[in-house]
Amino acid sequence: MRGLLDGLDLGGRPSRMLFVHAHPDDETLTTGVALAHHAARGDEVHVLTCTLGEEGEVIPPALAHLEGDGPALAAHRRDELQRAMAVLGVTHHLLEDADGAFRDSGMAGSAAAADPRAWAGVAPEVAAAAVAAVVERLAPDVVVTYDAGGGYGHPDHVRTHAATRQALRTTGADLPLLGRLTPLTWASEDHAWLAAHVPAGEGWVVPDATSEYAGDVVPDEVVTRAVVDASVVPAQEQALRAHETQVVVGPGWYALSNRHVFRLAGREGYARLDLATGRPVGEAS
């Protein structure tokens, strides 16, 4: 598989990369290996977050009072995000337009989606224009976001993918758009590892092929690019610990508020996406 920057002629300069995510913690959960890897090698890495995650569930009992208090949770998660970004060594941007920041839409069917500033509900052209403004200002060499299904179908993830894809089409920038995908072989290996290493009898759930979290698992040949770097896992773990309201970190794994566990394997798969359809584009290895 190719690296994320393969095929780019940068004239010997460090690359400028833009990763677009829906909520705080998504950047570290989904692309933390790539962020830490490219920052460590000297690339200029930027993260754009589209909302502050006001609708997130809160894990630690000591912080339970934040759940359901949108402004307070947003402020806390923004602080978490800044700590995580410092650990990973990347630059952060919050998506805004003339009317301010966008709002977390909550899970599918949530009442939060009715808010006029809910990210999943704003007009597609408004969402794309906001992302396009950041792309034009930063002039990245490559843009990274979710696959068309948003990883596991969260409405804000799906909107982030669509807005990012439309933003690149709007700007006319000849930029590669990469989507995060997981090869089936890796998913199978990770499932076996988790089944053997996560403590039994404590209510942890290891997702399998039927889980909604398997939405980004694809045949191996679809994944044409990858970042494999076990040396950055400690940085990813530390960044995940910064997202204290959302994530529990165990030895070699992490868990979400629903107690689903995932492996910290030091590897992430990607594919270049077609700007017109959002589907992966076949590439030579």
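Predicted model: local features only at pLDDT ≥ 70, side-chain atom pairs only at ≥ 80, totals over all residues.
A residue counts as buried when its relative accessible area is under 20% and as exposed when that area is over 50%, with partly exposed residues in between. By that cut-off aspartate 216, whose relative accessible area is 12%, is buried.

## The chain as a whole

The secondary structure of the protein chain consists of six helices and 13 strands. Its radius of gyration is 18 Å, close to the 19 Å that the globule rule gives for 285 residues, so the chain is as compact as a globular protein of that length. Along the principal axes, the C-alpha atoms fill a box of roughly 50 × 45 × 35 Å. Among contacts in the chain with a separation of 6 or more, 77% are accounted for by residues 24 or more positions apart.

Of the 285 residues, 53% count as buried. The accessible surface of the chain comes to about 11,800 Å², and carbon and sulfur atoms hold 52% of that surface. As for charge, there are 21 positive and 39 negative side chains, and the centres of these two sets lie 4 Å apart.

In soluble globular proteins, nonpolar side chains tend to be buried together. In this chain the largest nonpolar core has 24 residues, and those with the most contacts inside it are Leu4, Phe19, Leu35, Met85, Leu88 and Val90. Two or more residues of this core are given by each of strand 1 (16-21), helix 1 (26-40), strand 2 (44-49), helix 2 (70-88), strand 6 (142-146) and helix 6 (233-242). Helix 1 provides the largest share, five residues.

Which residues does leucine 88 touch, not counting residues up to four places away in sequence? They are Thr28, Gly32, Leu35, Ala36, Ala39, Ala235, Gln236 and Ala239.

## Individual residues

The table sets out the accessibility of several residues that are taken up in the text.

| Residue | Relative accessible area | Class |
|---|---|---|
| Histidine 157 | 2% | buried |
| Proline 183 | 3% | buried |
| Aspartate 216 | 12% | buried |
| Arginine 263 | 27% | partly exposed |
| Arginine 259 | 32% | partly exposed |
| Alanine 139 | 43% | partly exposed |

Histidine 157 lies in helix 4 (residues 155-171). Leaving aside its neighbours within four places in sequence, histidine 157 is in contact with Ala22, His23, Asp26, Tyr146, Gly150 and Tyr152.

Proline 183 belongs to strand 7 (residues 177-183), and, residues up to four places away in sequence not being counted, proline 183 touches Val217, Val218, Asp220 and Val223. Proline 183 and glutamate 268 are 85 residues apart in sequence, while their C-alpha atoms are 9.0 Å apart in space.

Aspartate 216 is found in the loop between helix 5 (184-197) and strand 8 (217-218). Its contacts, with neighbours within four places in sequence left aside, are Asp147, Gly151, Arg180, Leu181 and Thr182. From aspartate 216 to alanine 72 the distance is 32 Å, C-alpha to C-alpha, and the two are 144 residues apart in sequence.

Arginine 263 lies in strand 12, and its contacts, again leaving aside neighbours within four places in sequence, are Glu189, Asp190, Trp193, Leu194, Gly252, Trp253 and Tyr254. Arginine 263 and alanine 123 are separated by 140 residues in sequence and by 36 Å in space, C-alpha to C-alpha.

## Positive phi angles

Most residues other than glycine have a negative phi. What is the phi of alanine 139? It is near 50 degrees, a positive value in a residue other than glycine. Alanine 139 is found in the loop between helix 3 (124-138) and strand 6, and alanine 139 is partly exposed.

Arginine 259 likewise has a positive phi, of about 70 degrees, although it is not a glycine. Arginine 259 is found in the loop between strand 11 (253-255) and strand 12 (261-263). With a relative accessible area of 32%, arginine 259 is partly exposed.

Methods
Residues numbered from 1 in each chain as written. Heavy atoms only, no water. Helix = DSSP H or I, 4+ residues; strand = E, 2+ residues; numbered from the N terminus. Rg over C-alpha atoms; globule rule 2.2 N^0.38 Å. Buried < 20%, exposed > 50% of the residue type's maximum accessible area, 1.4 Å probe, protein only. Contact = heavy atoms within 4.5 Å. Areas by Shrake-Rupley, 256 points an atom, 1.4 Å probe, with all protein chains shown as cover. Lys, Arg positive; Asp, Glu negative; His and termini not counted. Charge placed at Lys NZ, Arg CZ, Asp CG, Glu CD. Core = buried A, V, L, I, M, F, W, Y, C linked by side-chain atoms within 4.5 Å.
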